[in-house]
Amino acid sequence: MIDTKIDFEAKKHNESALGYLDNPKKTEGLLKKAIVKARNNKGTLGDAWEKLQLFFDLVQAYSKGEYRNVAPTTILTIIGAILYFVSPLDVVPDFLVGLGILDDAAVISFALKKLSAEIDEFKTWKKTAKE
């Protein structure tokens, strides 16, 4: 039941993500908002914090054209998850201190689980690109 609701919410935001796919400026603005929110909620995010940072890095690398070894549907799913994360009105509104961020973390974790193979490839690329 919960996975179904999370999947439904994430797919809703995937449609909005299309507007970011080939628009680096718009994507940069989204990432800035998401990074600020993530920093402000680092303690509450728990394990989702690191997953979210990986999402930010992947979207940024894709947007800059540095990394394209990923399906467009994967980027759309990740941008959709980030859009859900920054949205103040979602399944559990963010104004509910402590609880509002939990559904955001669940969407991030759900997206990562769904895309784990491509995320692992990106992690490998990221490590070798830094060397």
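**View 1. Ring pairs join Tyr67, Phe122 and Trp125 into a cluster.** Rings of Phe, Tyr and Trp (its six-membered ring) pair if their centres lie within 6.5 Å, and planes under 30 degrees apart count as stacked, over 60 as edge-to-face and the rest as tilted. The model is predicted, so local features need pLDDT of at least 70 and side-chain atom pairs pLDDT 80 or more, while totals for chains, interfaces and linings use all residues. Residues are numbered from 1 along each chain as its sequence is written, and side-chain values use heavy atoms, without hydrogens and water. The whole structure holds 3 aromatic pairs. The ring centres of Tyr67 and Phe122 are 5.1 Å apart with planes at 70 degrees, so this pair is edge-to-face. Tyr67, at 4% relative accessibility, is buried (under 20% relative accessible area; exposed is over 50%, partly exposed in between; 1.4 Å probe, protein chains only). Tyr67 and Trp125 form a tilted pair, 4.8 Å centre to centre with 50 degrees between the planes.

**View 2. Helix H2 (residues 24–40) packs with helix H4 (residues 48–63) at an angle of about 165 degrees.** Helices are DSSP runs (H or I, at least four residues), numbered from the N terminus. Their axes, lines fitted to C-alpha atoms over the stretch in contact, with angles from 0 to 180 degrees between N-to-C directions, are 10 Å apart. H2 and H4 are therefore roughly antiparallel (angles over 145 degrees).

**View 3. Thr74 lies in helix H5 (residues 72–86).** Thr74 is buried, at 2% relative accessibility. Beyond its neighbours within four places in sequence, Thr74 is in contact (heavy atoms within 4.5 Å) with Leu115 and Glu118.

Note on methods
Helices (H or I, at least four residues) and strands (E, at least two) are DSSP runs, numbered from the N terminus. Angles under 35 degrees count as roughly parallel, over 145 as roughly antiparallel, 65 to 115 as roughly perpendicular and the rest as oblique.
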